[in-house]
Amino acid sequence: MAEARVKARRESVLAERFGVFAECLLTGVWIAVASAGVVTYPAAFAAGARHLRRRTAHVGGGWREFVADFRAAVRGGWVVGVAGWGAGAAVWVDVQAVRAGLPGGQLVGAVGVFALLGTLVAGMRAAAVWVPGDTWRALLAQAGRRTVLDPAGSFLLVGGLVLVGCSALLIAPLAVPVLGAVAAAAVAVEERYRRR
């Protein structure tokens, strides 16, 4: 009896890469939906980044795993979300000082904007490596160091934030799937840094 040989069907490189791109767009929608709680955006980004890490590692995962990761990340992530909104409010006050023409306002405003960008990048880098059981405090401390030690990766993430902002200004619904591309960029930046 002759055994029938069955060849495992492989995707073409183009199909595989387009699949990752499509998964990024879908993940952006999931991140946006999970961020509807206003202070849940760090947990949503962490769950999205973990989903994309699973996808690129060819490990199964879908909506249920995303929700489970989101629930685990939101336990401490909501505090990070509140702190992020507080930092945004402080920068808004700085910008108002610049607009009012207060002495030294331009310097304070510039420092505030750069500090906010650094905080956002560190938050994205922390979320990109989050796994259940990690504490946000430790993740953010390590991500802050990586933000400074890897300026090229940090600049790439700032570019991703600018892309989301431009997408929102031009075609508002386009900003939602672009969030997934930014999550993929954060995962790629962290993987690049790890391999250095």
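Residues 24 or more positions apart account for 69% of the contacts in the protein chain with a separation of 6 or more. The model is predicted.

Biologist: What secondary structure does the protein chain have, and in what order do the elements run?

Modeller: There are seven helices and zero strands in the protein chain. Along its principal axes, the C-alpha trace spans about 90 × 35 × 35 Å. Reading from the N terminus, the order of elements is α-α-α-α-α-α-α.

Biologist: Which element has the highest mean pLDDT?

Modeller: For the protein chain, pLDDT averages 88, and 94% of the residues score at least 70. Going element by element, the lowest mean, 87, belongs to α1, and the highest, 95, belongs to α5.

Biologist: What share of the residues in the protein chain is buried?

Modeller: Buried here takes a relative accessible area under 20%. With that cut-off, the buried part of the 196 residues comes to 33%.

Biologist: Which residues have the most contacts inside the largest nonpolar core?

Modeller: That core has 35 residues. α1, α2, α3, α4, α5, α6 and α7 each put at least two residues into it. The ones with the most contacts inside the core are Phe45 and Trp136.

Biologist: Leaving out residues up to four places away in sequence, what does Phe45 touch?

Modeller: Phe45 sits among the residues with the most contacts inside the largest nonpolar core. Leaving out residues up to four places away in sequence, Phe45 touches Ile31, Met124, Ala127, Leu179, Val182, Ala183 and Ala186.

Biologist: Is Met124 buried or exposed?

Modeller: Met124 has its place in helix α4. Beyond four places in sequence, Met124 touches Phe45, Leu157, Leu161, Val182 and Ala186. The relative accessible area of Met124 is 7%, under the 20% cut-off, so Met124 is buried.

Biologist: How many Å separate the C-alpha atoms of Met124 and Val187?

Modeller: Along the chain, Met124 and Val187 are 63 residues apart. In the model, their C-alpha atoms are separated by 9.0 Å.

Biologist: Which residues are the closest to the centre of the largest pocket?

Modeller: The largest pocket has a volume of about 830 Å³. It is lined by 28 residues, and the closest to its centre are Tyr41, Pro42, Gly84, Leu120 and Met124.

Biologist: Which element gives the largest share of the lining of the largest pocket?

Modeller: At least two lining residues each come from α2 (41–56), α3 (63–100), α4 (105–129), α5 (136–149), α6 (151–170) and α7 (175–195). By type, the lining has 21 nonpolar residues, six polar and one charged. The largest share, eight residues, is from α3.

Biologist: What volume does the second largest pocket have, and which element supplies the largest share of its lining?

Modeller: The second largest pocket holds about 320 Å³ of space. Among its 15 lining residues, the closest to the centre are Arg53, Val187, Ala188, Glu190 and Glu191. α1 (13–34), α2, α4 and α7 are the elements giving two or more residues to this lining. The largest share, seven residues, comes from α7.

Biologist: How many residues in the lining of the second largest pocket are charged?

Modeller: The lining of the second largest pocket splits by residue type into nine nonpolar and one polar. The charged residues number five.

Biologist: Are His51 and Glu23 buried or exposed?

Modeller: His51 is found in helix α2, and Glu23 in helix α1. Leaving out residues up to four places away in sequence, His51 touches Glu23, Thr27, Trp30, Gly61 and Gly62, while Glu23 touches Trp30, His51, Leu52 and Arg55. Their relative accessible areas are 2% for His51 and 17% for Glu23. Both values are under the 20% cut-off, so His51 and Glu23 are buried.

Biologist: What phi does Val38 have, and where is Val38?

Modeller: Most residues other than glycine have a negative phi. Val38 is not a glycine, yet its phi is positive, about 65°. With a relative accessible area of 46%, Val38 is partly exposed. Its place is in the loop between α1 and α2.

Biologist: Is His58 buried or exposed?

Modeller: His58 lies in the loop between α2 and α3. Although His58 is not a glycine, its phi is positive, about 60°. The relative accessible area is 56%, over the 50% cut-off, so His58 is exposed.

Notes
Residues are numbered from 1 along each chain as its sequence is written. This is a predicted model: local features need pLDDT of at least 70, side-chain atom pairs count only at pLDDT 80 or more; totals for chains, interfaces and linings use all residues. Side-chain values use heavy atoms; hydrogens and water are left out. On a 1 Å grid over the protein atoms alone, a cavity is a set of points where a 1.4 Å probe fits but cannot get out, and a pocket is an open set with protein on both sides within 12 Å along at least five of seven lines; lining residues have an atom within 4 Å of a point. Grid points are joined across faces, edges and corners, and a volume is the space filled by probe spheres set on the points. Helices (H or I, at least four residues) and strands (E, at least two) are DSSP runs, numbered from the N terminus. Ala, Val, Leu, Ile, Met, Phe, Trp, Tyr, Cys and Pro count as nonpolar, Asp, Glu, Lys and Arg as charged, and the others, Gly among them, as polar. pLDDT is the predictor's confidence in each residue, from 0 to 100. A nonpolar core is a set of buried Ala, Val, Leu, Ile, Met, Phe, Trp, Tyr and Cys residues joined through side-chain atoms within 4.5 Å. Buried means under 20% relative accessible area, exposed over 50%, partly exposed in between (1.4 Å probe, protein chains only). Contact means heavy atoms within 4.5 Å.
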